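Hello,

Here is the structure I promised to pass on. Please open it and keep it beside you while you read my notes.

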Amino acid sequence: MAKTSSVENNNKRRKLVDQYAAKRKALKATVMDKSLPIEERFRAQLKLSALPRNSAKIRIRNRCEVSGRPRAYYRKLKMSRIALRELGLLGAVPGLVKSSW
C-alpha cells in the first residue's frame, strides 16, 4: 500500500469540500432554523454527521504552493516564509528586498 503525502491528502480534501459544499450548507441551514420542528432539525444533524469527515472546510490546511510547508504561511502570497525568503534572494518577488544589518 503506497503512502500518500500530506499535500496530496490536502488536495483530496479540497475536492471533497467542493463536492459537498452545497449539501453541507443546506443541512446546516436546516439545523440552525429554529422555526422547524426539533425532529426535523435532528434528522438534518444526523445526515450532516454522516457526510465524509474530510468534506468539512475546517479540515483543509493552508500549505505553501512552492514547498507544501504548512507552517508560517502567508495567505496573501500563498507561500511559506522560507519559500518567500528564497524567492526574494533570487529577486523573483517584485518589491521585496532582503535587508541585513
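**A buried arginine**

R63 sits in the loop that links α2 (38–50) to β1 (73–74). Keep in mind that this is a predicted model. What is the nearest side chain of opposite charge to R63? That is E8, 11 Å away. R63 is buried, yet it has no salt bridge, since a salt bridge would need the two charged groups within 4 Å. The side chain of R63 does reach the backbone oxygen of G68, at 2.7 Å. Leaving out residues up to four places away in sequence, R63 touches S6, V7, N10, G68, R69, P70, Y73 and K78.

The largest nonpolar core has 6 residues: Y20, L27, V31, A44, L48 and L51. α1 gives the most, with 3 residues.

**The last stop: α3**

Which residues of helix α3 (residues 81–90) are buried? They are A83, L84 and G88. Viewed down the axis of α3, these buried residues fall within an arc of 135°, so they line one face of the helix. They pack against β1 and β2 (79–80). R85 and L90, on the other side of α3, are exposed. Just after α3 comes G91, with a positive phi of about 80°.

Best wishes

Definitions and conventions:
Residues numbered from 1 in each chain as written. Predicted model: local features only at pLDDT ≥ 70, side-chain atom pairs only at ≥ 80, totals over all residues. Heavy atoms only, no water. Helix = DSSP H or I, 4+ residues; strand = E, 2+ residues; numbered from the N terminus. Buried < 20%, exposed > 50% of the residue type's maximum accessible area, 1.4 Å probe, protein only. Lys, Arg positive; Asp, Glu negative; His and termini not counted. Polar contact = N/O pair within 3.5 Å; in protein donor to acceptor, adjacent residues only side chain to side chain. Contact = heavy atoms within 4.5 Å. Core = buried A, V, L, I, M, F, W, Y, C linked by side-chain atoms within 4.5 Å. Arc of directions from axis to C-beta.
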